Amino acid sequence: MKKFYLAALMALALGVTGTAGAAPYKNNPYTLVYDRAITENVKNQVNIHPVNYQLHGVKIAANVYTPANFDPAKKYPAIVVAHPNGGVKEQVAGLYAQRLAELGYVTIAADAAFQGASGGNPRHLDVPYYRTEDIHGMVDYISQYAGVDPDRIGALGICGGGGYTLNAAKSEKRVKAVAAISMFNSGRVRRNGYMDSQMDSIQERMAQAAAARAAEIKGSSPAYSGSVDFDALTDEAIAKIGTDLYREGMLYYGRSHRHPNSTFSYTTSSLMELMSWDATDNISLIDQPLLLIAGEKADSLYMSEDAFAKATGTRDKELFKVSGATHIKTYYVPEYVDQIVHKLEGFYGRTLK
């Protein structure tokens, strides 16, 4: 059990996966797995538009949501939404993209390059440069979308997508307002372990990552880390996981909101870049309005608190703690989602006038 638990901790920091069986995604024409998801486009209501575009030669798959009574001859504010590590656009990123479209925003949720339905090889590459470029790419695309006001673009990142959104916002001044939900600093966790629990093995793990890259250069297939067989995982094993992010993440990604494109695996060589990167490096470059949202009871809260304290470049900032919520519960529990959407409504309504 100890061996499995450590593997689960390493994997769940990315999000989880498995091969979905008779899952909710099969019942939705857009394979969306969140509550109240769009099942068809209806005139004068919020609509979804699957799109593709190129980013550095990689085909990106995304969903654009347009508000009710959308008129492309008018100008609407827009928000780009970055999904969690290991997640895909059909899960929590799609939920918040749809909810924000209901408030009158044009929104876009894209699968990261090398992940989900987007192209790129090797599969499941998880490198900060590309994840940051994914956000720039969403801004590129949505700023040219008919009906979007390019001077009123906001950004929202969730979990790992939150950390990468902070990184993008340091230089992405087309983004006028920045928000993150349950921000996860991928670099810090890959380097130090979750809750800084692996500080004594940093150099050893970096050497393993370098060895994985060396093997790839010699022609070997990429080595992968973080894989979990959810079909073999029991309720009892999940219940014994000691942190809420990993325990509840197993249930969210592996069962209740499972999607076949959402994968736990990542290339081991990605750790070379991940472990030497940090979402809070030069975070004082963010001078836009900043809203960090995190569950009051989340054991990942320390990452939002750390980023908030270091974000000294903006005076317009807030750390909003969702009473009673853990990390994963901000993804889907109606009472917490409603609180968050209400907070985002006020934030973007004020900053993207």
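1. Ile-79 of strand S3 (residues 76-82) stands opposite Thr-107 in strand S4, where helices (H or I, at least four residues) and strands (E, at least two) are DSSP runs, numbered from the N terminus. Strand S3 and strand S4 (residues 106-110) run parallel and are joined by four bridges, and two strands are said to pair if DSSP finds at least two bridges between them. This is a predicted model, in which local features need pLDDT of at least 70 and side-chain atom pairs count only at pLDDT 80 or more, while totals for chains, interfaces and linings use all residues. Residues are numbered from 1 along each chain as its sequence is written, and side-chain values use heavy atoms, with hydrogens and water left out.

2. Strand S3 is also joined to strand S5 (residues 148-158), by six bridges, and these two strands run parallel. Val-80 has Ala-155 as its bridge partner in S5, and Val-81 has Leu-156.

3. Strand S3 is largely enclosed by the rest of the structure, because seven of its seven residues are buried, a term that means under 20% relative accessible area, with exposed meaning over 50% and partly exposed lying in between (1.4 Å probe, protein chains only). Tyr-76, Ala-78, Val-80 and Ala-82 point one way from S3, whereas Pro-77, Ile-79 and Val-81 point the other way, and all are buried.

4. The open sheet has eight strands in the order S1-S2-S4-S3-S5-S6-S9-S10, with mixed pairing. Its edge strands, which each pair on one side only, are S1 (47-55) and S10. Neighbouring strands are turned against each other by 20° on average, direction ignored, with axes taken as lines fitted to C-alpha atoms, for helices over the stretch in contact, and angles running from 0 to 180 degrees between N-to-C directions. Helix H11 packs on this sheet and touches S3, S5, S6 (175-181), S9 (290-295) and S10, its direction making about 165° with that of S6; contact means heavy atoms within 4.5 Å.

5. Where does His-327 lie? His-327 is found in the loop between strand S10 (317-322) and helix H11 (334-351), and it is buried, with a relative accessible area of 0%. Not counting residues up to four places away in sequence, His-327 touches Cys-159, Ser-182, Asp-244, Leu-245, Ala-298 and Ser-300.

6. Tyr-302, in helix H10 (residues 301-310), counts as buried because its relative accessibility is 18%. Leaving aside neighbours within four places in sequence, Tyr-302 is in contact with Arg-188, Val-189, Gly-193, Tyr-194, Met-195 and Asp-196. The C-alpha atoms of Tyr-302 and Met-183 are separated by 9.5 Å, although these residues are 119 residues apart along the chain.

7. Grid points are joined across faces, edges and corners, and a volume is the space filled by probe spheres set on the points. By this rule the count is four cavities of 30 Å³ or more.

8. The largest cavity holds about 80 Å³ of space. It is lined by 13 residues, of which Gly-86, Gln-115, His-124, Thr-263 and Ser-265 lie nearest its centre. This lining divides into three nonpolar, nine polar and one charged, where Ala, Val, Leu, Ile, Met, Phe, Trp, Tyr, Cys and Pro count as nonpolar, Asp, Glu, Lys and Arg as charged, and the others, Gly among them, as polar.

9. The second largest cavity has about 60 Å³ of space, and its lining includes Ala-82, His-83, Asp-111, Arg-131 and Tyr-164. Helix H3 (128-143) and helix H4 (160-169) each supply at least two residues of that lining, and H3 gives the most, with four residues.

10. The second largest pocket has a volume of about 180 Å³, and among the residues that line it are Pro-122, Tyr-130, Arg-213, Glu-216 and Glu-273. Helix H6 (residues 202-217) gives the most to this lining, with three residues, and the lining as a whole divides into five nonpolar, two polar and three charged.

Definitions and conventions. 1 Å grid on protein atoms, 1.4 Å probe; cavity = no way out; pocket = protein on both sides within 12 Å on 5 of 7 lines; lining within 4 Å.
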